[in-house]
Amino acid sequence: MSGSLNPTALVRLLGSWNSGALPAYRELADVVRLLVMDGRIPLDVALPSERALAQTLGLSRTTVTAAYASLREQGFLTAGQGSRGRTCIPHRTVPVSAPGLAVPDGLLDLAYASLPAAGEVVHRAFAEALTELPALLPGFGYDAVGVPALREAIAEKYTAEGVPTTAGQILVTSGAQHALNIVLRTLAGKQDRVLVEHPTYPNALDAIRSAGCKPLPVALPAGISPAWDIDAMVATMNNQRPAMAYLVPDFHNPTGRIMSDLQRRRLVRAATASGTVLVVDETLRGLNLDGVRTAPMSSFSPAVVSIGSLSKSHWAGLRTGWIRADEAMITRFVATRTVMDLGGPVVEQLAAARLIRSFSEPLDARLEELRRNRESLLGLLAEYLPSWEVERPQGGLTAWCRIPSPCSTALTVLAPDFGLRLAAGPRFGVGGAFEHYLRVPYTLPPAQLEFAVGALRAAQDKLDAAPHLRRTLKAARPAVVAVA
């Protein structure tokens, strides 16, 4: 069991939910549904009792009972014991008004931008890792720095890319998110500012806030040339003096852009002058669809901290990531890490070492598949949703779409009725930005992408036919922290 949510905490998450455009029970159910789909209410959590929530909200119990009944009918709340159902995601066939398209079993998940495992390659790596395991069994099994074989393999990969690296400059982590949490707790104190691109990776924003820091957003330009507003970033560093900057320069999530070497060089110089530590997320660097050549950010300065993982290139289930930095900084990160955990699983690290040493083996086929998916998605969006402005990604896993009206949250709330799970545009920003945007991954095969885009068109048509839904469902906008 994952515990329960008290009524005060739920009310804080709900924010200004009651616009009055629809019955209160409908609006309440829609906002709770969005919170579950966005992950801000975890799965398998018991919601407050009907009586307790009604008292806290100042509503009749009948209203809350009807909202919970709607959530159960939609599959987002279990029957539970009494009125305390637990949150869940529906796994059922959902009717959809998208003519000519087959309805999938359950929801197509477009909230996650992840690929299935590079099956044979990953399986073989684990099988071979088991043959190496006996040599490590006499040890304690705790290693806060990481298995030497994996650290050496990662160091060799950086060196081959033109960034001379030793195993002493590598700390192995349980994924890139774990790495970012370690870095934040080492480099940034509570209330410190952390510069971020705007939009950016939502889980990074969550980690920054969880560490007690304040995201300091710098907007990406509306067009892809230049891809980053380096002048604005330099000015922000000079004027605001953020403790660190979290950047995704390699096939940026969610836009798919890549930062030029000239921009990287300027940014590194500015960070050095302002005392800002550049923390660079390189998890998508291997997914280079257009063959763009750039140097790793760490090649421009030894002070750059790099984060990487195998989650996007090979499989998220590996839960293996790393931090590359100078040895003195790695020592600080290790001290922070030991407060959080004592090391990662050994077999996964042995398997990851083999995958790193043959990093490109599954990539050729994966990149070709992603190119096909990307072209399919872009063509479908142009056909079904010609009024959407879609930025062509140069790599990575997602397309960033500008939609004609500020209805991203409304689309996200409606999407399950049409067989989709989405992440609302405001999840990628601060201060409620990006209601005009939606991130659409191209990780699914063309047939499923065709259904997904058709379903998006059906949801868009429903909004166009019922303008009041835009006002009502926009009240479900994600609760984010505004930064000056």
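Student: Is Asp 206 buried or exposed, or partly exposed?

Tutor: Asp 206 is partly exposed, at 31% relative accessible area. Buried means under 20% relative accessible area, exposed over 50%, and partly exposed in between (1.4 Å probe, protein chains only). This is a predicted model, where local features need pLDDT of at least 70 and side-chain atom pairs count only at pLDDT 80 or more, while totals for chains, interfaces and linings use all residues. Residues are numbered from 1 along each chain as its sequence is written, and side-chain values use heavy atoms, with hydrogens and water left out.

Student: Which residue forms a salt bridge with Asp 206?

Tutor: A salt bridge is a side-chain nitrogen of Lys or Arg within 4 Å of a carboxyl oxygen of Asp or Glu. Here the partner is Arg 427, with the closest N and O atoms 3.2 Å apart. The two are 221 residues apart: Asp 206 is in helix H8 and Arg 427 in the loop between E11 and strand E12. Helices (H or I, at least four residues) and strands (E, at least two) are DSSP runs, numbered from the N terminus. Arg 427 is buried, at 11%.

Student: How many salt bridges does a search of the whole structure find?

Tutor: The search gives 22. One of them joins Asp 109 and Arg 421, at 3.1 Å between the closest N and O atoms. Asp 109 lies in strand E1 and Arg 421 in strand E11, so this pair ties together parts 312 residues apart in sequence. Asp 109 is partly exposed, at 29%, whereas Arg 421 is buried, at 8%.

Student: Which residues are linked in a network of salt bridges?

Tutor: Asp 290, Arg 374, Glu 375 and Arg 392 are linked that way.
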